[in-house]
Amino acid sequence: MSTDFTSLRKFVSPEIVFGVGARKTVGNFARTFGAQRVLIVSDPGVHAAGWVKDVEESLAAIGIEYRLYTDVSPNPRAEEVMQGAALYNQEGCNMIVAIGGGSPMDCAKGIGIVSANRGHILHFEGVDQISAPIPPLVFIPTTAGTSADVSQFAIISDPETHNKISIISKAVVPDVSLIDPETTVTMDPFLTACTGIDAMVHAVEAYVSTASGPLTDMHALEAIKLVSSNLTALVANPTDIHLRTQVMLGSMKAGLAFSNAILGAVHAMSHSLGGHLDLPHGLCNAILLEHVIDYNFPSSEDKFRIIADTVGIDTRGMKTKQVKQQLLKSVHKLKQDVGLTQRLKEAGVSSADIPELSKKALKDPCILTNPRKSNKRDVEVVYEEAL
Ligand SMILES: [Fe+2]
């Protein structure tokens with residue numbers, strides 16, 4: 001009997017420590033990995049919020065040296081990766097700790113790749129392009145959304161071409177993720193909303209992805225439930241640690257789902273937008289989400305019905321058309337409740353930008369697992385609807 005390899009599924013995950021105080025165990029993990037000198041990667045905002053200090057203290061307490069690289073900008077740039085890798089090698093580091101949102105974590109992945117493989121970071125674009133093993137990575141996320149701490153993705157910006165490149169490899173799944181909901185209390189309501197919607201999009205795209213399966217579906221659905229039922233309350237009560245924990249858990253589950261089932265057209269189109277305008281990733285996703293669901297719905301009606309049930313719509317007896325309408329309404333309401341109501345035009349996009357944006361979106365690896373096959377005109381129409 002021949003085997004159908006296309007139906008095989010894998011599941012990769014870091015070692016995860018979840019809960020308030022998880023960040024303070026970083027020193028123990030550094031010792032386990034035999035770290036002599038650690039490069040701590042972060043950004044100015046996270047540094048100012050005091051979270052980097054906790055890492056420094058945890059390492060210092062057991063006598064492990066460290067160097068700081070905290071100049072990472074939002075949407076990390078290729079040259080920042082190259083500078084970080086130069087510092088890593090010059091200082092003789094042998095382990096990387098990243099603390100922050102998606103930007104420092106993706107930059108840290110890039111530093112790991114370049115320090116072990118040499119060459120320019122932009123040359124590692126695509127799936128499985130990394131040959132030499134990269135140094136131990138211990139990540140502490142301070143946002144609940146990007147999930148770079150559990151994923152096999154690194155997204156790096158190339159300011160020269162206004163492109164965002166996707167690096168997809170098991171090599172960039174961190175060794176350890178210390179997920180500590182307390183670190184997310186310093187996010188303002190806008191960032192809380194953007195990252196929370198990003199997590200929701202991860203879960204929805206992973207669930208309907210052509211690479212989804214039983215190993216990821218349960219995580220995706222639990223994530224949809226956790227985020228949809230807690231995000232609005234969290235944006236209104238940003239210091240509530242119980243709500244922070246629920247949304248962080250949702251984000252983690254969404255991350256485990258999408259890292260293994262990959263994503264879809266929202267991310268392909270949003271990477272293209274983010275590279276073009278340097279907009280927050282979650283905001284780009286929020287603008288596009290219901291328009292992509294509308295486009296994808298016919299290709300995955302049964303799954304979208306389950307998503308509708310999961311966000312609390314009673315679909316019993318509903319015709320497919322009604323399910324779609326109710327789901328789109330509910331996504332729109334969630335966005336409105338968390339304050340993300342912008343359209344592409346308000347974000348600075350004009351109709352003249354759409355052909356170029358669409359061309360880039362079609363080259364993004366995330367488009368390959370979108371449930372409905374799309375050509376350039378399809379993508380253009382979805383951008384036009386979001387304008
Ligand atoms: Fe995302």
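Reader: Which residue of β8 does Gly126 stand opposite?

Author: In this predicted model, Gly126 stands opposite Ile167 in β8.

Reader: What makes strand β5 and β8 a pair?

Author: Two strands pair if at least two bridges are found between them. Strand β5 (residues 126-127) and β8 have two bridges, in the parallel sense, so they meet the definition of a pair.

Reader: In which sense do β7 and β8 pair, and over how many bridges?

Author: Strand β7 (residues 153-158) pairs with β8 in the antiparallel sense over six bridges. Within β8, Lys164 has Ser157 opposite. The hairpin of β7 and β8 has four residues between the strands, and His162 takes a positive phi near 55° there.

Reader: Why is β8 called largely enclosed by the rest of the structure?

Author: Buried means under 20% relative accessible area. Five of the six residues of β8 (residues 163-168) are buried, so the strand is described as largely enclosed.

Reader: Which residues make the contact, and how many are nonpolar, polar and charged?

Author: From α4 come Glu80, Val81, Met82, Gly84, Ala85, Tyr88 and Asn89; from α5 come Cys107, Gly110, Ile111, Val114 and Ser115. By class, seven residues are nonpolar, four polar and one charged.

Key. Residues are numbered from 1 along each chain as its sequence is written. This is a predicted model: local features need pLDDT of at least 70, side-chain atom pairs count only at pLDDT 80 or more; totals for chains, interfaces and linings use all residues. Side-chain values use heavy atoms; hydrogens and water are left out. Contact means heavy atoms within 4.5 Å. Ala, Val, Leu, Ile, Met, Phe, Trp, Tyr, Cys and Pro count as nonpolar, Asp, Glu, Lys and Arg as charged, and the others, Gly among them, as polar. Buried means under 20% relative accessible area, exposed over 50%, partly exposed in between (1.4 Å probe, protein chains only).
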